[in-house]
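Hi everyone, thanks for making time. I'd like to walk you through one chain, so please have a look at it with me.

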Amino acid sequence: MCQKSVCSWLFPHKYYIYLRIAHYSFLDNFQIWTIASSDLKKLLQNKNLFLTLGLRLLVVPAAALAAFALLGVSGMVPMVVLILEACPCVTITTVFAIRFHHDEELAAGAVVFSTLCSIITLPLYALVLTAVL
């Protein structure tokens with residue numbers, strides 16, 4: 001976080017206070033080591049991880065594709081929406097899991113493994129979308 005002397009000319013005083021509050025209340029509690037310290041073998045044995053990956057990378061995009069097909073919507077906008085639906089889990093899920101003391105390992109594993117799986121699934125969705133829509 002920048003010092004007051006640097007931030008004072010960048011931001012008015014009220015915004016500087018908001019930045020400091022956000023910095024101390026949110027970012028100081030974020031523990032980046034959760035992803036790095038995860039036990040991959042233990043994560044791969046977690047059935048909830050595969051349920052999360054299946055829902056995020058298969059079920060949600062398929063449901064959106066079915067909804068657009070039933071509604072008869074085509075064009076660039078549904079393609080963009082469907083590609084965004086097929087994207088991996090975002091890292092903020094790990095931050096929320098840490099912040100609210102939920103399953104941090106599962107959240108970190110979902111981010112890592114959904115990103116790895118999306119290397120295969122995103123091009124496949126793009127291929128399917130160009131053929132269907």
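Let me start with burial: of the 133 residues in the chain, 28% are buried, where buried means under 20% relative accessible area, exposed means over 50%, and partly exposed is in between, with a 1.4 Å probe and protein chains only. Before I go on, this is a predicted model, so local features need pLDDT of at least 70 and side-chain atom pairs count only at pLDDT 80 or more, while totals for chains, interfaces and linings use all residues. Residues are numbered from 1 along each chain as its sequence is written, and side-chain values use heavy atoms, with hydrogens and water left out.

The chain has eight helices and zero strands. These are DSSP runs, numbered from the N terminus: H or I of at least four residues for helices, E of at least two for strands. Taking contacts with a separation of 6 or more, 70% join residues 24 or more positions apart, a contact being heavy atoms within 4.5 Å.

Now to helix α6, residues 76-85. Which residues of α6 are buried? They are P78, M79 and L82. Seen down the axis of α6, these fall within an arc of 100°, so they line one face of the helix; the arc is that of the directions from the helix axis to the C-beta atoms. As a reminder, an α-helix has 3.6 residues a turn, so residues three or four places apart point the same way. Turned away from the buried side of α6 is a face with the exposed residues M76, V77 and L84.

What do the buried residues of α6 pack against? Their partners are α5 (47-71) and α8 (104-132).

Let's take α5 to begin with. The axes of α5 and α6 come within 8 Å and cross at roughly 160°. Axes here are lines fitted to C-alpha atoms, for helices over the stretch in contact, and angles run from 0 to 180 degrees between N-to-C directions. The two helices, α5 and α6, are therefore roughly antiparallel, a label for angles over 145 degrees. On the α5 side, the contact is made by R56, V60, P61, A64, L65 and F68, and on the α6 side by P78, V81, L82, L84 and E85.

On to α8. Its axis and that of α6 come within 10 Å and cross at roughly 155°, so α6 and α8 are also roughly antiparallel to each other. Here M79, L82 and I83 of α6 meet L122, Y125, A126, L129 and T130 of α8.

Next comes a cysteine. C87 sits in the loop between α6 and α7. Is C87 buried or partly exposed? It is partly exposed, with a relative accessible area of 23%. Leaving out residues up to four places away in sequence, C87 touches R56, L57 and L122. The C-alpha atoms of C87 and L122 are separated by 7.0 Å, with the two residues 35 apart along the chain.

Last stop, helix α7, residues 92-99. Its buried residues include T94, V95, A97 and I98. Down the axis of α7, the buried residues fall within an arc of 165°, so they line one face of that helix. Just after α7, H101 has a positive phi of about 55°.

How values were computed:
Angles under 35 degrees count as roughly parallel, over 145 as roughly antiparallel, 65 to 115 as roughly perpendicular and the rest as oblique.
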